[in-house]
Amino acid sequence: KATPKNKSILLTEEELRSASASAGAALSQLEDLVQTSQDGNNLMSAQVYRTVMGNALSLVAACYAKSGSAVTAEGLFQSSLDKYPQYLNIPLSQQAGDVHGATTAANVMNKEGRPCLLPFSAMYAAATHRRYSELCQN
């Protein structure tokens with residue numbers, strides 16, 4: 001069990017259980033939305049939902065880290081990072097298509113033929129990396 005630097009921020013068992021249950025319900029709904037989007041060939045929506053799932057997993061991981069459950073938090077952080085696009089270094093100026101209304105594979109590809117990156121994907125991924133690094137420092 002990890003011991004955070006500031007012990008006053010530890011979550012109680014009840015707080016952790018409540019946060020975990022709420023996150024589990026939200027993640028289940030997001031998984032359904034990803035599948036529905038993929039089935040309807042709405043790749044941009046699927047990417048949005050996967051990114052939101054990554055952020056939700058990161059927040060749950062942060063809760064586990066604050067409760068002192070480092071091993072569980074680490075696994076959740078890794079799962080979170082798997083949800084984000086792995087090509088986070090595409091400048092927005094090189095992305096093609098309308099990222100707000102794209103619904104087909106052609107509209108979500110950039111000039112190199114890779115999927116477009118939504119700006120908040122990079123922000124959420126950076127926040128997850130920061131939270132994960134804080135866990136590793138403890």
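**Figure 1. Helices H2 and H4 are roughly parallel to each other.** The angle counts as roughly parallel because it lies under 35 degrees, where over 145 would be roughly antiparallel, 65 to 115 roughly perpendicular and the rest oblique. This is a predicted model, in which local features need pLDDT of at least 70, side-chain atom pairs count only at pLDDT 80 or more, and totals for chains, interfaces and linings use all residues. Residues are numbered from 1 along each chain as its sequence is written, and side-chain values use heavy atoms, with hydrogens and water left out. H2 (residues 43-66) and H4 (residues 119-137) pack at an angle of about 20°, and their axes are 10 Å apart. Axes are lines fitted to C-alpha atoms, for helices over the stretch in contact, and angles run from 0 to 180 degrees between N-to-C directions. H2 passes H4 in a left-handed crossing (the near helix is turned anticlockwise from the far one by less than a right angle; clockwise would be right-handed). On the H2 side, the residues that meet H4 include Gln47, Thr51, Asn55 and Ala65; on the H4 side, Phe120, Tyr124 and Arg131 are among them. Contact means heavy atoms within 4.5 Å. By class, this contact has 7 nonpolar, 7 polar and 1 charged residues (nonpolar: Ala, Val, Leu, Ile, Met, Phe, Trp, Tyr, Cys and Pro; charged: Asp, Glu, Lys and Arg; polar: the others, Gly among them).

**Figure 2. Helices H1 and H2 pack at an angle of about 165°.** Their axes are 9 Å apart, and H1 is therefore roughly antiparallel to H2. The crossing of H1 past H2 is left-handed. Leu16, Ala23, Leu30 and Gln38 are among the H1 residues in this contact, and Ser45, Met53, Val60 and Tyr64 are among those of H2. The contact of H1 with H2 has 16 nonpolar, 4 polar and 2 charged residues. Glycine 24, in H1, is partly exposed, with a relative accessible area of 37% (buried is under 20%, exposed over 50%, partly exposed in between; 1.4 Å probe, protein chains only).

**Figure 3. Threonine 36 and asparagine 41 are shown with the loop between H1 and H2.** Threonine 36 lies in H1 and counts as exposed at 53% relative accessibility. Its C-alpha is 8.1 Å from that of alanine 46, which is 10 residues away in sequence. Asparagine 41 belongs to the loop between H1 and H2 and has a phi near 60°, a positive value in a residue other than glycine. Most residues other than glycine have a negative phi. Asparagine 41 is partly exposed, at 41% relative accessibility.

**Figure 4. The largest nonpolar core has 20 residues.** Such a core is a set of buried Ala, Val, Leu, Ile, Met, Phe, Trp, Tyr and Cys residues joined through side-chain atoms within 4.5 Å. Leu27, Tyr64, Ala73, Leu76, Phe77 and Leu135 have the most contacts inside this core. H1 (13-39), H2, H3 (70-83) and H4 each give two or more residues to the core, and H2 gives the most, with 7 residues. Leaving aside neighbours within four places in sequence, phenylalanine 77 is in contact with Ser58, Ala61, Ala62, Thr128, Arg131, Tyr132 and Leu135.

**Figure 5. The chain has 4 helices and 0 strands.** Helices (H or I, at least four residues) and strands (E, at least two) are DSSP runs, numbered from the N terminus. Of the 138 residues of the chain, 35% count as buried.
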